[in-house]
Amino acid sequence: MGKYLIKPATLTGEIGIPPSKSHTLRAILFATLAKGKSVVHHYLASPDTYAMIEACRHLGAKIEVFPTCIEIRGTGGKIAYAENVIDAGNSGIVLRFCTAIGALGSLPIVITGDHSIRHQRPMQPLLEGLSQLGVSQSSMRGDGFAPVIIQGPIKSGKTVINGEDSQPVSALLIAAAFAEGSIEIVVKNPGETPWINLTLNWLDRLGIPYENHNFTHYRLFGNACYEGFDYTVPGDFSSAAFPIAAALVTDSELVVRNIDMHDVQGDKELLSVFQRMGAKLHFDETQNILLVKRGGKLSGISVDINNFIDSITILSVLACFADGETHIRNAAIARRKECNRITSIATELRKMGADVSELEDGLIVRKSILNGAQLHSYQDHRMVMSLTVAALGARGETLLTSTECVSKTFPTFVRDFNRLGANIQECT
């Protein structure tokens, strides 16, 4: 397994942000359901992307992958069967979305994934939602996790689902658009709603009608049909958080490129949080550039992080460098991501000397002097990048293990950071 040896550094220069994982995966899936040929440009070349490509091939799409684009010939919204067992890898999106899409067919489909998928990413809410629409489903170990087996087709009607995690809701929305008839979806405890907006934005883009009443009631009308499309993937705001935070904790100045402030990604709200804490950020929306200025004095604040839940690890790191106390709340769903991110980030930051209190739904982080330590990533890409940022602003060397998972969202992370002046050595 990969390791990083990280030493404190000051950064300078420019960095381009990788393409959005969430948009890349949705683009491939919606192209799979389109009529004719679609082309996805500037895609994220990551394991999750390749897992989605293989899943969609099994579901009937013809896909060719090139260095700068992916060409996809879709199924016209029809799913007959799966050619093989679908392996979601480490992707919750592939797991949930392809489970729902697979239920459009009438033959059994099996979907599984890696250890985290099989033990950390609950499937019961989605399975129960599909069951109410006539889908035969089961968790093969009987524990509410993958591997799962489903057999459709989805029937018209009404389903009720718990919405604390956005992915099962998005999965049902997409599948319902292609079902044979009208479907009503009732969502209890809706959360992570910006990520629902991301899915609804794709429905809008493709001209698929729907009704949305305050994220608690939806109606989809079925039989969606649209032609193939060309799409260029924008930069990923969740990935942008790491160089921005690195500049803040090392009092550096950076230019961050490929930042489209008009895109619908929920994680862009984190930039406003950084500004509330005292960060000096300047946006050039004509060139899609963000400038991080030196000299911003950071102060702790209270943050409801549910709208940008994936940022909990990097916000916790930044909070260690902010005067006073930062209270991160409404984050309970972060316990069911690639790892238990609340416990994991608290545990690792404490190893560095951080003053962190763990709450059921979040964290309280107080200003701390961090020291280099031996840290573990829990095979979570956001933990890798967050702890690397912490190490850049700490005193002494840090050894971080299980780093290869960073390729999930930021394949060029080490190269790009070292070009800015970071001192990150990859070792085994």
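Trainee: How far apart are the centres of domain 1 and domain 2, taken over C-alpha atoms?
Mentor: This is a predicted model. The domain assignment gives domain 1 as 3–18 + 235–427 and domain 2 as 21–232. Taken over C-alpha atoms, the two centres are separated by 30 Å.

Trainee: How many residues of domain 1 are in contact with domain 2?
Mentor: Contact here is heavy atoms within 4.5 Å. On the domain 2 side, 23 residues take part. On the domain 1 side, the count is 23.

Trainee: What covers the buried residues of H11?
Mentor: H11 spans residues 341–351. Its buried residues are Arg341, Ile342, Ser344, Ile345, Ala346, Glu348 and Leu349. The cover includes H10 (312–319), S20 (355–359), S21 (362–366), S22 and H12.

Trainee: Which residue with a positive phi follows H11?
Mentor: The helix H11 covers residues 341–351. The phi in question is near 100°. The residue is Gly353.

Trainee: Are the rings of Phe410 and Phe413 stacked or edge-to-face?
Mentor: The count of aromatic pairs comes to seven. In this pair the ring centres are 5.5 Å apart and the planes stand at 75°. Planes over 60 degrees apart count as edge-to-face. So the pair of Phe410 and Phe413 is edge-to-face.

Trainee: Is Phe413 buried or exposed?
Mentor: Buried means under 20% relative accessible area. Phe413 has 0% relative accessibility, so Phe413 counts as buried.

Trainee: What kind of pair do the rings of Phe413 and Phe417 make?
Mentor: Both residues lie in helix H13 (413–419), four residues apart, about one turn of the helix. Phe417, at 0% relative accessibility, counts as buried. The ring centres are 4.4 Å apart and the planes are at 40°, so the pair is tilted.

Trainee: Which residue lies over the face of Trp202?
Mentor: Trp202 belongs to a cluster that ring pairs form with Phe30, Phe229 and Tyr231. The residue over its face is at 4.7 Å from the ring centre. That residue is Arg205.

Trainee: Which residue takes a positive phi in the hairpin of S12 and S13?
Mentor: S12 (210–213) and S13 (217–220) run antiparallel and are joined by four bridges. Asn212 stands opposite Tyr218 in this pair. Three residues lie between the strands. The positive phi, near 60°, belongs to Asn214.

Trainee: Which residues is Ser46 in contact with, leaving aside neighbours within four places in sequence?
Mentor: Ser46 is in the loop between S3 (37–41) and H2 (47–58). At 0% relative accessibility, Ser46 counts as buried. Its contacts are Ser407 and Lys408.

Trainee: Which residues does Thr326 touch, not counting residues up to four places away in sequence?
Mentor: Thr326 is in strand S19, residues 325–329. Its relative accessibility is 0%, so Thr326 counts as buried. Thr326 touches Met277, Gly300, Ile301, Ala319, Leu363, Ile364 and Val365.

Trainee: What separation do the C-alpha atoms of Thr326 and Pro108 have?
Mentor: Along the chain these two are 218 residues apart. Between their C-alpha atoms the separation is 48 Å.

Notes: Residues are numbered from 1 along each chain as its sequence is written. This is a predicted model: local features need pLDDT of at least 70, side-chain atom pairs count only at pLDDT 80 or more; totals for chains, interfaces and linings use all residues. Side-chain values use heavy atoms; hydrogens and water are left out. Rings of Phe, Tyr and Trp (its six-membered ring) pair if their centres lie within 6.5 Å; planes under 30 degrees apart count as stacked, over 60 as edge-to-face and the rest as tilted. Buried means under 20% relative accessible area, exposed over 50%, partly exposed in between (1.4 Å probe, protein chains only). Helices (H or I, at least four residues) and strands (E, at least two) are DSSP runs, numbered from the N terminus. A charge sits over a ring if NZ of Lys or CZ of Arg is within 6 Å of the ring centre and within 35 degrees of the ring normal. Domain bounds come from an automatic or database domain assignment. Two strands pair if DSSP finds at least two bridges between them.
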